[in-house]
Amino acid sequence: MGSSRKRWLPVALLLLAASVLYPGPAAAAAGGEAEHAVQQHSERISGSAGDVLEDNPVGKLKVFIYDLPRKYNKKMVTKDPRCLSHMFAAEIFMHRFLLSSAVRTLNPKEADWFYTPVYTTCDLTNAGLPLPFKSPRVMRSAIQYISNKWPFWNRTDGADHFFVVPHDFAACFHYQEEKAIERGILPLLRRATLVQTFGQENHVCLKEGSIIIPPYAPPQKMQAHLISPDTPRSIFVYFRGLFYDTGNDPEGGYYARGARASLWENFKSNPLFDISTDHPATYYEDMQRAVFCLCPLGWAPWSPRLVEAVVFGCIPVIIADDIVLPFADAIPWEEIGVFVEEKDVPKLDTILTSMPIDDILRKQRLLANPSMKQAMLFPQPAQPRDAFHQILNGLARKLPHPEGVYLQPGDQRLNWTAGPVGDLKPW
Amino acid sequence: MMKSLLPQSQLRRSSAAAVRSSGGGAGGGDGAAAADGSGGAGARAPASSTFWFLLHALCCLISLFLGFRFSRFLFFLLFSTTALYHSTTSSSSAAVLRATTTTTTTTTTTTTTTNTFTLSFAASNTPPSGPANRTALEAAAAAAKGSAGAGSGSNPQSHVVVGRHGIRIRPWPHPDPVEVMRAHQIMERVQEEQRRWYGVKEPRQVLAVTPTYSRAFQALHLTGLLHSLRNVPYPLTWIVVEAGGTTNATAAMLARSGLTFIHIPFPDRMPHDWADRHATENRMRLHALRVIRERKMDGVVVFADDSNVHSMELFDEVQKVQWMGAVSVGILAHTGAAEQPRLSEEDKQTMPLPVQGPACNSSGHLAGWHTFNSLPFSGKTATVVGESAPVLPRGLEWAGFVLNSRMLWKEADGKPDWVKDLDAVGENGEEIENPLTLLNDASSVEPLGNCGKKVLLWWLRVEARADSKFPQGWVIEPPLEVVVPAKRTPWPEATNELPSELLDEKQDQEDRRLSRANKSSRPRSTTKRKGDLQGQEN
C-alpha cells in the first residue's frame, strides 16, 4: 500500500515535468504553424558565402543611376518592345527596379556603386534575336558620355561601376564563341563589375568578380501554368529542345560540343527519357511532372531551362563543363542540381538511376524552398529575395571597395583605343 | 543562344557555298580540300598550279570512292604541315591552345557516320586549331589569324575546348532493365514523398453504399463499380445492399473483388417501376446507414450507385468533408430511343447543364442547388425499368452527397445539432427523397469540388428489359446443346458421324462468307477451321 503510493509520486512528478516541457515547443509550433508546414518539406539554403539568400540589401549599399539620354535605353525599347519579353530582358527590368528601389541615391557622392542604364541587347533581328554588332559601340558611347559628364568614371576608371550585360557571351559581345573569345571583354570594361548570364570557368568572357544572374523568364507565364503539387511525378527525365542545329551546324559536333547530339543518340529509345524536339503546349506542366529536367549547353552554356526547372521543382541535370551558375556564392548548386560532365553523357542513365534516393529527396526539398524559386525570377514589381535583390546582395558583398579602386596619378589608365577598329566608330 | 546564330548561319552558308563553288568537286567535303587546293593555288607560283590541279583531281577521286570524311582524314595525315595552312576561308579560327580533342565514339549508326577517331595532339607550335578542326569545313585556320587566336585563346587551365567535338555514343544505347527498375523505384519513392507533403494528411476510410438487385445488367454495373473502388487509394469498405435477398452470384463477385465488403440482404424485391425503384433504393440506403450506425463504422459515406461512374478525384475530394458535403453530379439522361426531340439552336443554347450539385455565391458559400432540368424530356420518360426512353433523376440524387459517418452515430464528438437523429427518419414510411431530410438545416452542407465547379461523378441509369434472360452468375451451364461436327477432319480415317445435309449447307454458307472476306489469303478449304471446332467440342 505504502510502496504503491510512493511509486506513483515520482511518476506524477515525471508527468508534471513533461507537461511543463511539452507546451514549450507546442506553443512555438502553433505560432509558426503555417511556416512549419512549408518548412517540413523544404530545407534552408546556405551557400559558400553563408546563409545569404534571404538577406535584405537595403541599407547595405547605395546605387547612383546615371541619367543617360533616351537613345541608350528608352528609345530602344519603344522601337522594339520585344526586348521586354525575351531572355535578355533582365537589363531593362534591372533599370526599372533600381529607379524605384530603396537603395537608390540621388547624391552620387555617397554612392557605393554607379549604374549605367544602357541596353546593349535590344537590337533585334526580324526573328527577335539580338545582334551584338553594334553593342560595343553603344557601350563605348555610353561610357564616353558618363566620363565626360560626371567625374566618377575617371577617378576609378569604372572600378565602382557595374553594368548588366546579359548577352550570350556577356561583354565579349558576340554570339559565336570563337569570335567572342577573340574579341575578349570590351577593354573599357576591364575594371568594372559585370552582371551577366554567361559563366564558364577560365573563360575569357568571365571576369573575376562578375555576378552571374539567371536569364529572364516571364514569371507570370510560369505562374499561370502551375499545377497541383500532389500531381505525381511520373516522368523520369524530361527535355524539350534541339539536339542538332542543322541550320548553323549541319554536320553536328559543333553545337553544344556534341553533347546534345550524344543525348539523342544514346537515349532516344530509352523509355525513361522523355526527350524530343517538340514544342508542346504543356511544356511547363510536363516539367512539374518530371523528376529530372535536363539543362544541357547549347551554343552557350547557360539556358532558361535552369530557371524553369527550379521554379517547377524538377531537379536540374546540368550538362555543361565548367559552367558557373547564377549566384554561385549564395546558392550551393552542387547540392541542388546534378552535374554531369559532357564526356559522361552516354552514362547518364546509370548516373541518374544510381543516385541514392535520399539525395534525390533532399534536392527536391531544397528546390521546394520558396526563396530558391524567388531568387531565380525577375518579378514586376520586385518582391523580396528575388533576383534583383540577389544582385544587390552580390554587390553589397563586394563592399567595401578594395584599395586599388581609386586611381593615383601614376596608375595605369584604360586604353580608349584598344579593340577592333570597328568598335571605335561613334554611335 | 543557338538561335542568335541565325545571321551567322547565312554568313557560314555563303562562305561554305563560296568554298564549294570554288571547289566544284564530287563530294561535299571535298570542297574543302578543293578550296584549300585552289586557295593554295592562288598563293603559290603558277608553275605549281598544275600540281595542285592534279592533287585536286586525286582528291575528287578518293572522295568518290572513300567518302569525304575518310578522305579528309587521309589528306590531313598526308599533308598535315603543308600548304593547307595557306588556305584562307572566311570563317574564323577555332582558337584553342590545347588541341586535345578526344573523340571516342565507336559505333556507326545508319544515319550519322561516327567514324571519329581518338586524336590527341599536345599543344605545340603547329597552328592553334586542333586536328579535328582541321577536318572541319569551317574551321580551317588562317596563318595570320592563328597568331591572334593563340593570344586570345582559352586560358591554359581550361579543359573546355571550342570547336568540333565527336558525338559520343556508347556501343549499346538501349535501356538496361535493372536501371529501369531502379528508376521506377525512385519515382515511387518520390511520389510517396509528394503524397506525404501535399496529399491528404490522415486518410479516412471510405464507406461506399451501393443498393443493387439481381437483373441482367447487374454484373455489368457491379464490375465497373468494383474496378473503380479497387483503384481508390484509401481504405475502403463496400456496403452492398441487395434487394430480394443476397444471391450467390453477387456474393461470388464480392468475394473475388479483393475489397472489404458487407453484403446485406434486403427483404423486399425490387419493383419494375422506376418511381417505385427509386423509393426502394432510398429505403435500402437508409438500411445501410443504420447498419453503419450499429457497427459504429468510422469514415466518409459515399453513395455509389452501381450504374454510376466515379472519378478518382471524387474520393480525394470527399476526404475533406467535415460533416456533410455535396458534389456536382453529371446527369446522363439515357436517351435510348430513336425519336429524340429535335432541339433548335436556341434550345440547345438555353438548355441548362445536365449537372446536379451545389451552387455557390461569390464568397464561396452554399447559396442553393442546381438540379436537373427535366422540361425537355417532358412526357417521354421511362416508367418501367428497361423501357427505352430517358430515365431521369428525381430532385436531388443521393449520389451527390457524402456524409461523415459520425453524423449517423447516436453520440459523436462535435456532432452538430442540425443533424437529425437517424432513428427519427424514415420510420413512418415516408419518402426519403434525398439526404437533406437527414438534416434540420440544409444550409450547413459543404460544397466540395471547387464549390461544385468540378463534376466528380456521373449519374446514369441503363437497364435491360425486365424480362431479359441472362445466365445465372454468367456461367453457361449446362453446356450448349448445339453440337457442330466436323465435316472433313484432318484424319482421313475418321468417321462421318452426322451426315446431315443441313449442317453441310451451313458449313458451305460459312465457307462462302469466309472466302468473300479473305479472298486471297485463305485457302478454299476450311479444313483447319473445322478441325479446330472438332477440337473445341471435345
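Two residues are in contact when heavy atoms lie within 4.5 Å. The model is a predicted one.

Take the pair that joins two chains. In chain A, helix α15 covers residues 357–368, and in chain B, helix α7 covers residues 177–198. Their axes are 10 Å apart and the angle of packing is about 40 degrees. Angles under 35 degrees count as roughly parallel and those from 65 to 115 as roughly perpendicular; α15(A) and α7(B) are therefore oblique to each other. Their crossing is right-handed.

Which residues of α15(A) and α7(B) meet? From α15(A) come A:Ile357, A:Ile360, A:Leu361, A:Gln364, A:Arg365 and A:Ala368. They meet B:Ile186, B:Arg189, B:Val190, B:Glu193, B:Trp197 and B:Tyr198 in α7(B). By class, this contact of α15(A) with α7(B) has eight nonpolar residues, three charged and one polar.

The other pair lies within chain B, where helix α8 covers residues 218–230 and helix α9 covers residues 248–257. The axes of α8(B) and α9(B) come within 11 Å and cross at roughly 20 degrees. Because angles under 35 degrees count as roughly parallel, α8(B) and α9(B) are roughly parallel to each other. The crossing in which α8(B) passes α9(B) is right-handed.

On the α8(B) side, the contact is made by B:Gln218, B:Ala219, B:Leu222, B:Thr223, B:Leu226 and B:Arg230. On the α9(B) side, B:Thr250, B:Met253, B:Arg256 and B:Ser257 take part. The residues of this contact of α8(B) with α9(B) divide into four nonpolar, four polar and two charged.

Key: Residues are numbered from 1 along each chain as its sequence is written. Chains are lettered from A and ligands numbered from 1 in the order in which they are written. This is a predicted model: local features need pLDDT of at least 70, side-chain atom pairs count only at pLDDT 80 or more; totals for chains, interfaces and linings use all residues. Side-chain values use heavy atoms; hydrogens and water are left out. Axes are lines fitted to C-alpha atoms, for helices over the stretch in contact, and angles run from 0 to 180 degrees between N-to-C directions. Helices (H or I, at least four residues) and strands (E, at least two) are DSSP runs, numbered from the N terminus. Angles under 35 degrees count as roughly parallel, over 145 as roughly antiparallel, 65 to 115 as roughly perpendicular and the rest as oblique. A crossing is left-handed if the near helix is turned anticlockwise from the far one by less than a right angle, and right-handed if clockwise. Ala, Val, Leu, Ile, Met, Phe, Trp, Tyr, Cys and Pro count as nonpolar, Asp, Glu, Lys and Arg as charged, and the others, Gly among them, as polar.
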